[in-house]
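Here is a short tour of one protein model, taken a feature at a time. Have the structure open while you read.

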Amino acid sequence: MVTYAAGNRVVNYVKTIGHRGKPTGRQPVDIARGKGDLIYSLARGYEYTPGNKGVGVCTLNEDYVTQFGGGGTGDGKFVWPTSLALDKDENVYVADEDLQRISIFSKDGEFLSKWGEAGEGDGQIDRPSGLAFDSENNLFVVDSANSRIQKFTKDGNFLAKWGQFGSGEGEFNLPWGIDIDKEDNVYIADWRNNRVQKFSPDGKYLMTIGTPGVWTPRKPNHQEISTAPDGELNRPTGVAVDKEGDIWVTDNRNDRVEVFAPDGSFLLTLIGDATLTSMGIPRLDANPEMWEERAIADNFWMERLFWSPLAIAVDDDNRIFVSETCRGRIQIYQKEA
């Protein structure tokens, strides 16, 4: 077992699921925990492979449940999906930054409705990315290209907004990920400003988490451990807050997850510890020469590392889920009580 520890925090690696296809989808870009043991994974796919776009649903044991969506511009289809969120009834909301809309599905994948209008006025959106519901079932949308956060009813009625372009407190530069804690405070991964910002439920700036870092070019495909200082962020994409208030951030360009205490102080770094998945093993069994190649590879230890982790989620049992778009998999960790 791989264990990370800092002070009284202990985090254990559990397992890896997915293998560039079912159940997590090719190029998973976001993840959400459903009721029971369900996991919802949003896959962006490639532009020329529309069948790889959509939402895949599986269990914690990696049992396939269903898949829905697909590439296209019609109802229930996606061009460039970015994020998903579940409301209290476990309906699935998916943002599409190309179609400038939010599509809504039942938990079983039935298309229900859509809303969204391109623009910069109140209630209009430009390249929506992160989605998150608050305790009152209102949907917060990261309106990325408009450098702001907007709040809607789940039916798409505009309620509020805050933020503008810039690098000061409460300002954004292409914000991306979002999460909301148990007190309805809002956390935003401010991508190009290389930081996470925390706000009150009504948009008042509260705190900055992380310090901007400078990307250091590494080997092709980022196949080495980053030497960036602890607490620095370079293009953070996802943020999640656990029930104790610790803040988990996917530090995308540094290929790692940075963990911060509720007061914003740095705690620890996860670098990736992937093992073979239940879907990967049968593929190797079908190609015995691949087992042989793995056995003699000098640098195969790099397979376990994160490669551009994109999204992160934490469930009520303090399990942490990290989506790796480039490797087509999700690594799971457990934070001890």
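## The largest pocket

In this predicted model, 46 residues line the largest pocket, and Arg33, Phe133, Asp179, Ile180 and Val314 are the ones nearest its centre. The elements giving two or more residues to that lining are strand S3 (28-33), S7, S11, strand S15 (178-180), strand S21 (236-241) and strand S25 (309-314). Strands here are DSSP runs of E, at least two residues long, numbered from the N terminus. By class, the lining splits into 20 nonpolar, 10 polar and 16 charged residues. Nonpolar covers Ala, Val, Leu, Ile, Met, Phe, Trp, Tyr, Cys and Pro, charged covers Asp, Glu, Lys and Arg, and the others, Gly among them, are polar.

The volume of the largest pocket comes to about 1300 Å³. A pocket is an open set of points on a 1 Å grid over the protein atoms alone, where a 1.4 Å probe fits, with protein on both sides within 12 Å along at least five of seven lines; lining residues have an atom within 4 Å of a point. Points are joined across faces, edges and corners, and the volume is the space filled by probe spheres set on them.

## Ground rules

Residues are numbered from 1 along each chain as its sequence is written. Local features need pLDDT of at least 70 and side-chain atom pairs pLDDT 80 or more, while totals for chains, interfaces and linings use all residues, and side-chain values use heavy atoms, with hydrogens and water left out.

Strand S8 (residues 92-96) is mostly covered, with 5 of its 5 residues buried (under 20% relative accessible area; exposed is over 50% and partly exposed in between, with a 1.4 Å probe and protein chains only). Val92, Val94 and Asp96 point one way, Tyr93 and Ala95 the other.

On one hand, strand S7 (residues 81-86) runs antiparallel to S8, joined by 5 bridges; strands count as paired if DSSP finds at least two bridges between them. Ala85 has Tyr93 as its bridge partner. The S7-S8 hairpin has 5 residues between the strands, and Glu90 takes a positive phi near 65° there. S8 also has 5 bridges to strand S9 (residues 101-105), again antiparallel, with Val92 opposite Phe105. That hairpin has 4 residues between its strands, and Gln100 in the turn shows a positive phi of about 55°.

## A four-stranded open sheet

The order S11-S12-S13-S14 makes an open sheet of 4 strands with antiparallel pairing. Strand S11 (128-133) and strand S14 (158-162) are at the edges with a single partner strand each, so one side of each has no neighbour in the sheet. Strand S13 (residues 148-152) pairs with S14 over 4 bridges, and Gln150 sits opposite Lys161.

## The largest nonpolar core

Which residues touch the most other members of the largest nonpolar core? Out of 18 residues, they are Trp248, Val257, Leu268, Leu270 and Tyr333. Such a core is a set of buried Ala, Val, Leu, Ile, Met, Phe, Trp, Tyr and Cys residues joined through side-chain atoms within 4.5 Å. Elements supplying at least two residues include strand S1 (3-6) and strand S2 (9-17), while S24 gives the largest share, 3 residues.

## Two positive phi values in loops

Leu174, in the loop between S14 and S15, has a positive phi of about 55° without being a glycine. Asn194, in the loop between strand S16 (186-190) and strand S17 (195-199), also has a positive phi of about 55°. Leu174 is partly exposed at 24% relative accessibility, whereas Asn194 is buried at 8%.
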